[in-house]
Amino acid sequence: MPHSVMDKRQAKDVAEHGKTKYTLIKDVEDYQPGLYEKRLPCFGCGLGWFSFLFGFLFPPMWFYATILYFGNYYRKDPRERAGLAASAILALGCSVVVLIFLLIRLFWFASATTM
């Protein structure tokens with residue numbers, strides 16, 4: 001096919017492209033929201049971030065979120081993963097601080113009672 005015939009056919013296809021009518025594949029009333037369009041629990045910030053923030057007032061929430069993190073709770077909604085991981089890190093930090101405090105207190109009082 002010569003070039004000029006091909007160009008005319010393409011121009012005709014492009015011109016007709018805007019004139020075609022489209023049909024809906026799905027009915028608008030049967031709309032189902034996707035996974036990421038659903039609102040997260042706990043005021044929309046997710047269980048992980050809610051546990052992270054509430055953990056500063058009630059530290060056992062960090063440990064609860066750690067259990068959820070290691071239990072793969074985030075597979076239900078991957079948006080939860082970051083908050084649960086942050087809570088797990090703070091639970092580890094809280095554990096280390098409490099352990100150091102208890103060790104210092106144990107050795108401090110043990111040395112004070114022997115004098």
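The model is a predicted one. Two packed helices are described by the angle between their axes and the distance between the axes, and the notes on each pair begin with these values. Helix H2 covers residues 47-54, while helix H3 spans residues 60-70 and helix H4 spans residues 81-113.

**Helix H2 and its buried face**

- The buried residues of helix H2 are Leu47, Gly48, Ser51 and Phe52.
- When H2 is viewed down its axis, these buried residues fall within an arc of 140°, so they line one face of the helix.
- The cover over the buried residues of H2 includes both H3 and H4.

**H2 against H4**

- The axes of H2 and H4 come within 6 Å and cross at roughly 30°, which makes H2 roughly parallel to H4, because angles under 35 degrees count as such.
- The crossing of these two helices, H2 and H4, is left-handed.
- On the H2 side the contact is made by Gly48, Trp49, Ser51 and Phe52, and on the H4 side by Ala82, Gly83, Leu84, Ala86, Ser87 and Leu90.
- Sorted by class, the residues of this contact between H2 and H4 comprise six nonpolar and four polar ones, with no charged residues.

**H3 against H4**

- The axes of H3 and H4 come within 8 Å and cross at roughly 125°, and the two helices are therefore oblique to each other.
- H3 passes H4 in a left-handed crossing.
- From H3, the residues making the contact are Trp62, Phe63, Ala65, Thr66, Leu68 and Tyr69, and they meet Arg81, Leu84, Ala85, Ser87, Ala88, Leu90, Ala91, Cys94 and Ser95 of H4.
- The residues of the contact of H3 with H4 divide into eleven nonpolar, three polar and one charged.

**Ser51, a buried residue of H2**

- Ser51 is found in helix H2, and with a relative accessibility of 0% it counts as buried, because the cut-off for that class is under 20%.
- Ser51 is one of the H2 residues that make the contact with H4.
- Apart from its neighbours within four places in sequence, Ser51 is in contact with Met61, Trp62, Tyr64, Ala65 and Ser87.
- Among these partners of Ser51, Trp62 and Ala65 belong to the H3 side of the contact between H3 and H4, and Ser87 belongs to the H4 side.

Notes
Residues are numbered from 1 along each chain as its sequence is written. This is a predicted model: local features need pLDDT of at least 70, side-chain atom pairs count only at pLDDT 80 or more; totals for chains, interfaces and linings use all residues. Side-chain values use heavy atoms; hydrogens and water are left out. Axes are lines fitted to C-alpha atoms, for helices over the stretch in contact, and angles run from 0 to 180 degrees between N-to-C directions. Helices (H or I, at least four residues) and strands (E, at least two) are DSSP runs, numbered from the N terminus. Angles under 35 degrees count as roughly parallel, over 145 as roughly antiparallel, 65 to 115 as roughly perpendicular and the rest as oblique. A crossing is left-handed if the near helix is turned anticlockwise from the far one by less than a right angle, and right-handed if clockwise. Contact means heavy atoms within 4.5 Å. Ala, Val, Leu, Ile, Met, Phe, Trp, Tyr, Cys and Pro count as nonpolar, Asp, Glu, Lys and Arg as charged, and the others, Gly among them, as polar. Buried means under 20% relative accessible area, exposed over 50%, partly exposed in between (1.4 Å probe, protein chains only). The arc is that of the directions from the helix axis to the C-beta atoms.
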